[in-house]
Amino acid sequence: MERSLRAGRSATFAYFALNGFLMGMWVVHIPSVEHRVGIDHAVLGWLLLVLGAGAFAGMQVSGPLTDRFGARVVVPLSGFLCAASVVLPGLAANAGTLAAALFVYGFGTGAMDVSMNAHAVQVERGYPRPVMSAFHATYSIGGVLASLVGARTLSWGWSPATSLGVVGVLGLAVTALAAPALLRAGRSATFAYFALNGFLMG
């Protein structure tokens, strides 16, 4: 049981780092996507609200699904969606398609945030010490790593679609590799509550 708990903790670290990394890669490429689509800062500001709306919708859907089926099921599904959809903003041709892309990606990252925080609560319950703050720190580390990788790919002249596509594929691989280590869940409505608090904290 202790081995499975350690494996579950490692998988949780992987998902937090992945979520932070994918979000960081999108943020690094915002100016390039803005230029490619041909929009100004005001329009971009409205479109970022669409990303937030997608994240909120994903959180609302993911919470009940996690309660019903367990984080072991929902975390990989949301991780696949998040990784697969991060390339969509890089492929957008106009403001309308960018809005749709951001909503889908936002939905994926919101769903992943809730479900992985739910799993983090489950892992922490099995440890004699708090570990939640370490998971949130890993999210931040993923974002910092993304800024370095994104800056490098931009210096190489990679397009947003290429950079985001490559990290999306890597994200799919990480999601698949980490999924078997997730803990089999006890299901509780408090999962969504704690997950939402974790998302708002960082």
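This is a short tour of a predicted model, stop by stop.

Before you click, note that residues are numbered from 1 along each chain as its sequence is written. Because the model is predicted, local features need pLDDT of at least 70, side-chain atom pairs count only at pLDDT 80 or more, and totals for chains, interfaces and linings use all residues; side-chain values use heavy atoms, with hydrogens and water left out.

**Stop 1: colour by confidence**

Colour the chain by pLDDT, the predictor's confidence in each residue, from 0 to 100. The chain averages 90, and 91% of its residues reach 70 or more. Now pick out the helices (DSSP runs of H or I, at least four residues, numbered from the N terminus). Among the elements of the chain, H8 has the highest mean pLDDT, 97, while helix H9 (residues 190-201) has the lowest, 44. Select residues 187-196 next: pLDDT stays under 50 there, and the model gives this stretch 22 contacts beyond four places in sequence. Contact here means heavy atoms within 4.5 Å. Residues 198-202 are also below 50, with 6 contacts beyond near neighbours in sequence.

**Stop 2: the largest pocket**

A pocket is found on a 1 Å grid over the protein atoms alone, with a 1.4 Å probe: it is an open set of points with protein on both sides within 12 Å along at least five of seven lines, and its lining residues have an atom within 4 Å of a point. Select Ala14, Ala17, Leu18, Phe21, Leu22, Leu145, Val167, Leu170, Gly171 and Val174 to show the lining of the largest one. How much space lies in the largest pocket? About 170 Å³, where volume is the space filled by probe spheres set on the points, joined across faces, edges and corners.

Helix H1 (2-28) and helix H8 (160-178) each supply at least two residues of this lining, and H1 gives the most, with 5. The lining divides into 9 nonpolar residues, 1 polar and no charged. In that count Ala, Val, Leu, Ile, Met, Phe, Trp, Tyr, Cys and Pro are nonpolar, Asp, Glu, Lys and Arg are charged, and the others, Gly among them, are polar.

Stay on Leu145, a lining residue found in helix H7. Leu145 counts as partly exposed because its relative accessible area is 45% (buried means under 20%, exposed over 50%, partly exposed in between, with a 1.4 Å probe and protein chains only).

**Stop 3: the largest nonpolar core**

A nonpolar core is a set of buried Ala, Val, Leu, Ile, Met, Phe, Trp, Tyr and Cys residues joined through side-chain atoms within 4.5 Å. The largest has 45 residues, and Tyr15, Leu22, Trp26, Leu98, Tyr105, Phe135 and Val167 touch the most other members. H1 provides the largest share of this core, 10 residues. Click Leu22: beyond four places in sequence, Leu22 touches Cys82, Ala83, Val86, Tyr105 and Val167.

**Stop 4: two more residues**

Go to Val33 in helix H2. Is Val33 buried or exposed? Val33 is buried, because its relative accessible area is 2%. Outside four places in sequence, Val33 is in contact with Trp26, Pro89, Gly90, Leu98 and Pro160.

Finish at Ala57 in helix H3, which is partly exposed at 22%. Ala57 touches Phe103 and Phe107, leaving out residues up to four places away. Its C-alpha is 8.1 Å from that of Ala111, 54 residues away in sequence.
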